[in-house]
Amino acid sequence: MRIAIPKETHPGENRVPVIPDVAKKLVRMGAEVVIESGMGLGAGFQDSEYTDAGCQTSSDRAGLLGSADMVLRIRKPAIEEVSQLKQGCIHVSFLDPFNEHELVRAFQSAGVTAISMEMIPRSTRSQKMDALSSQASLAGYVMVLLAATRMPGIFPMMMTPAGTLKPAKVFIIGAGVAGLQAIATAKRMGARVTAFDTRDVVKEQVESLGAKFLEIDLGETGQTADGYAKELTPEQIEMQRQAQAEVIADSDVLITTAQVFGRKPPVLVTRDVVERMRTGAVVVDMAAETGGNVEGSVPGETVNINGVTVIGDGNWANVVARDASQMYASNMFNLVDDNWDEEAKAFQVDFEDDILQGCVITHGGEITNDTIKNILEGGS
Ligand code: NAD
């Protein structure tokens, strides 16, 4: 099986889908691995490290894609590149299938098997392939570091002959994978951390990290069978906004990570609340690129709202591209390894496998994922 790894083309993207150590393991399994020349440079890996690992290199991107039995990448492809793939090729990447209807249809009509990394189910067995989690965890860490360097104060309490500095107050909304890592990072740096999440089960996890859980009674909230938050009603969102406003106004740093799977993130912090924060305070809106939790955050930018720095950069894991690549590559490897037929030396698409059932979006000219099929057939 010929596995191709093209260079990521999104501006500023430094992460790479496969690092040399992982390429070596794929080669050992019997795969023929071809990388586009310069593929690893963003994360600090030279072509020679891949050739030492047993890979071939190619500068002919179209040829590389056109001859691939499997393509591994991070970001979704340009639509034009889908038609360059062979029928039956297996394409693995983040795809954003809830929104990328045209792309899903392009995969379908090209007869390509499209695997969406976002749709890997959240089960114990699939944890090792869960790139949403690996990248979100790094995002949680990076967001805290960014906030710490942008505020005019420090995180820890400091008692010195020149006086005592109080610890920074950090409030984190959403304590999933990214939020918990943000809490842990801010605690390690000595901040006083408070957090809120709509899933009750999270309270204990927040407290076990030494942070305070903000109690807000929103009535029935809960989580789905996959462990995701259920969407709140407009009334519940309003209750949450009001109950958090005082804590936010009194915080030096606000980090928002609240998401509802498959939907736009809820707007949980209105502009007037940001304006009430003290001058120099920092807000990091994790999902600014998809709408965000904070009114006034701008995707891909850092803006100033009444003296408050509001960071909406996005692609947080890219800041630590080498480690992010290592984790993503490991997720890729585990997915391939789990479905590898040793005799055929090829990836087998078996719909009996519950993980593939969840993450394969198109196969054999059909949209195989029921959720995505329903959305597309309901009109896009
Ligand atoms: P996510 O990115 O969908 O959401 C982030 C957090 O925002 C979640 O904790 C969610 O409850 C919270 N949220 C949603 N609406 C909110 C609101 N209005 N106010 C405050 N918070 C709100 O979720 P995620 O971080 O990817 O993970 C969600 C859950 O899945 C977690 O419990 C996680 O531990 C679990 N998980 C399990 C596995 C596994 O078993 N393989 C893997 C990853 C995650």
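**From loop to ligand**

Visitor: Where is Gln84 found?
Guide: Gln84 is found in the loop between helix H4 (79–82) and E5, where helices (H or I, at least four residues) and strands (E, at least two) are DSSP runs, numbered from the N terminus. Before going further, please note that this is a predicted model, in which local features need pLDDT of at least 70 and side-chain atom pairs count only at pLDDT 80 or more, while totals for chains, interfaces and linings use all residues. Residues are numbered from 1 along each chain as its sequence is written, and side-chain values use heavy atoms, with hydrogens and water left out.

Visitor: Fine. Is Gln84 buried, exposed or partly exposed?
Guide: Gln84 has a relative accessible area of 32%, so it is partly exposed; buried means under 20% relative accessible area and exposed means over 50%, with partly exposed in between, using a 1.4 Å probe and protein chains only. In space, the C-alpha atom of Gln84 is 8.7 Å from that of Ala110, although 26 residues separate the two in sequence.

Visitor: Where does Asn315 lie?
Guide: Asn315 lies in the loop between strand E15 (308–311) and H11.

Visitor: How does the span of H11 compare with what 1.5 Å a residue should give?
Guide: Helix H11 (residues 321–338) has 18 residues, so at 1.5 Å a residue it should span 26 Å, and its end C-alpha atoms are 25 Å apart, which agrees; the expected span is 1.5 Å times one less than the number of residues. Buried residues of H11 include Ala321, Tyr328, Phe333 and Val336.

Visitor: Changing topic, what does the side chain of Asp353 contact?
Guide: The Asp353 side chain makes a polar contact with the side chain of Arg125 at 3.2 Å. A polar contact is a pair of N or O atoms within 3.5 Å; within protein, one must be able to donate a hydrogen and the other to accept it, and residues adjacent in sequence count only if both atoms are side-chain atoms. A polar atom of the Asp353 side chain also lies 2.9 Å from the backbone nitrogen of Ile355. Asp353 itself sits in the loop between strand E17 (346–347) and helix H12 (354–359) and, at 13% relative accessibility, counts as buried.

Visitor: Now the ligand: which residues come nearest?
Guide: There are 23 residues around the ligand, and Ser123, Val177, Asp197, Arg199 and Gln240 come nearest; a residue is near a molecule if one of its heavy atoms lies within 4 Å of it.

Visitor: Which atoms of Ser123 and Gln240 lie 2.9 Å from a ligand nitrogen?
Guide: For Ser123 a backbone N or O atom lies 2.9 Å from a nitrogen atom of the ligand, whereas for Gln240 a polar side-chain atom lies 2.9 Å from a ligand nitrogen atom. A polar backbone atom of Gln259 is 3.3 Å from an oxygen atom of the ligand.

Visitor: How much of the ligand does the protein bury?
Guide: The protein buries 85% of the 830 Å² that the ligand exposes when taken alone, with areas from the Shrake-Rupley method and a 1.4 Å probe.

Visitor: Which domains does the shell draw on?
Guide: At least three shell residues come from each of domain 1 (2–129 + 321–376) and domain 2 (136–314), with bounds that come from an automatic or database domain assignment.
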